[in-house]
Amino acid sequence: MKDTDTPLPPDALARRLTEVYDLVGPLYRRAQRSVEQGLAAHDLSVGVRAVLTLLHRNGPMTVPQMGRAQAISRQFVQRMVNEAAARDLVESIPNPAHRRSSLIRLTGPGQDAITAVLDREHRLLRDVGGDLTDTDVATCLRVLGAMLTALDHVDDA
């Protein structure tokens, strides 16, 4: 019987992580399509949803902070913030830590919109099944986090 708690040698690890990458791409694309379908009722784009979700989870943030958190360009985040602000979903407030970089926060309508979207997604994710345990999910998050960290050197801008 193979010892599954022993760290894999680098070549074996690379082969196994390739299997993860092979699943992450289709998973991401299907999840994005599902999110887009759910956002249609709220007339939200995936980019605006990402901004609203960040603010919902973290509270007010700057545009550069949001870009770093999502590994996307500050310019793209700014466009999404502008789109959300035009719909009264977010607003700029003074940033006591930095005069030139305002904080962005959710408005009441923005909070209502993202709560409805996240509630819908939560209902869908309840049906994942597979007898997954908290340990399974924690391990998945640890592995994906390590893979993401290994790519920190890649410039997304």
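**Note on the predicted model**

1. Asparagine 95 is buried, with a relative accessible area of 13%. The cut-off for that class is under 20% relative accessible area. Asparagine 95 belongs to the loop between strand 1 and strand 2. Apart from neighbours within four places in sequence, Thr62, Ser101, Ser102 and Leu103 are in contact with asparagine 95. The model is a predicted one, and what follows should be read with that in mind.

2. Overall make-up. The chain has six helices and two strands, in the order α-α-α-α-β-β-α-α from the N terminus. Along the principal axes, its C-alpha atoms fill a box of roughly 60 × 35 × 25 Å. Among contacts with a separation of 6 or more, 56% are between residues 24 or more positions apart.

3. Burial and surface. The chain has 157 residues, of which 25% count as buried. Its accessible surface is about 11400 Å², and carbon and sulfur atoms contribute 55% of that.

4. Salt bridges. How many salt bridges does a search of the whole structure find? The search returns three. The three are taken one by one in the next points.

5. Glutamate 121 with arginine 49. These side chains form a salt bridge with an N to O distance of 2.5 Å. Glutamate 121 is part of helix 5 (residues 108–125) and arginine 49 is part of helix 2 (residues 46–58), so the pair ties together parts that are 72 residues apart in sequence. Are the two residues buried or exposed? Both glutamate 121 and arginine 49 are buried.

6. Glutamate 91 with arginine 105. Here the salt bridge has an N to O distance of 2.7 Å. Glutamate 91 sits in strand 1 (residues 90–93) and arginine 105 in strand 2 (residues 103–106), so that distant parts of the chain, 14 residues apart, are linked by the pair. Glutamate 91 has a relative accessible area of 31% and is partly exposed. Arginine 105, at 34%, is also partly exposed.

7. Arginine 16 with glutamate 19. The closest N and O atoms of this salt bridge are 3.2 Å apart. Both residues are in helix 1 (residues 10–39), with a spacing of three residues, or about one turn of the helix. Arginine 16 counts as partly exposed at 48% relative accessibility. Glutamate 19 is partly exposed as well, its relative accessible area being 41%.

8. Packing of helix 2 on helix 4. What is the angle between helix 2 and helix 4 (residues 74–86)? They pack at about 85°, and their axes are 9 Å apart. The two helices are therefore roughly perpendicular to each other, because angles of 65 to 115 degrees count as such. On the helix 2 side the contact involves Gly47, Val48 and Val51. Helix 4 meets them with Phe76, Val77, Met80, Val81, Glu83 and Ala84. Helix 2 also holds arginine 49, the partner of glutamate 121 in point 5.

9. Positive phi at alanine 71. Phi of alanine 71 is near 55°, which is a positive value in a residue other than glycine. Alanine 71 is located in the loop between helix 3 (63–70) and helix 4. Its relative accessible area is 39%, and alanine 71 is thus in the partly exposed class.

10. Positive phi at aspartate 88. This residue is not a glycine either, yet aspartate 88 has a positive phi of about 60°. Aspartate 88 falls in the loop between helix 4 and strand 1. At 42% relative accessibility, aspartate 88 counts as partly exposed. A check of the backbone would take in both alanine 71 and aspartate 88.

11. Nonpolar surface patch. Which residues make the nonpolar surface patch of about 500 Å²? The patch is made by Leu125, Val128, Leu132, Val137 and Leu141. Among them, valine 137 is in helix 6 (residues 134–150). Valine 137 has a relative accessible area of 40% and is partly exposed.

Definitions and conventions:
Residues numbered from 1 in each chain as written. Predicted model: local features only at pLDDT ≥ 70, side-chain atom pairs only at ≥ 80, totals over all residues. Heavy atoms only, no water. Patch = residues over 30% accessible without salt bridge, like charges linked within 9 Å, V, L, I, M, F, W, Y side chains within 5 Å. Areas by Shrake-Rupley, 256 points an atom, 1.4 Å probe, with all protein chains shown as cover. Salt bridge = Lys/Arg side-chain N within 4 Å of Asp/Glu carboxyl O. Helix = DSSP H or I, 4+ residues; strand = E, 2+ residues; numbered from the N terminus. Buried < 20%, exposed > 50% of the residue type's maximum accessible area, 1.4 Å probe, protein only. Axes fitted to C-alpha atoms, helices over the stretch in contact; angles between N-to-C directions. Parallel < 35°, antiparallel > 145°, perpendicular 65-115°, else oblique. Contact = heavy atoms within 4.5 Å.
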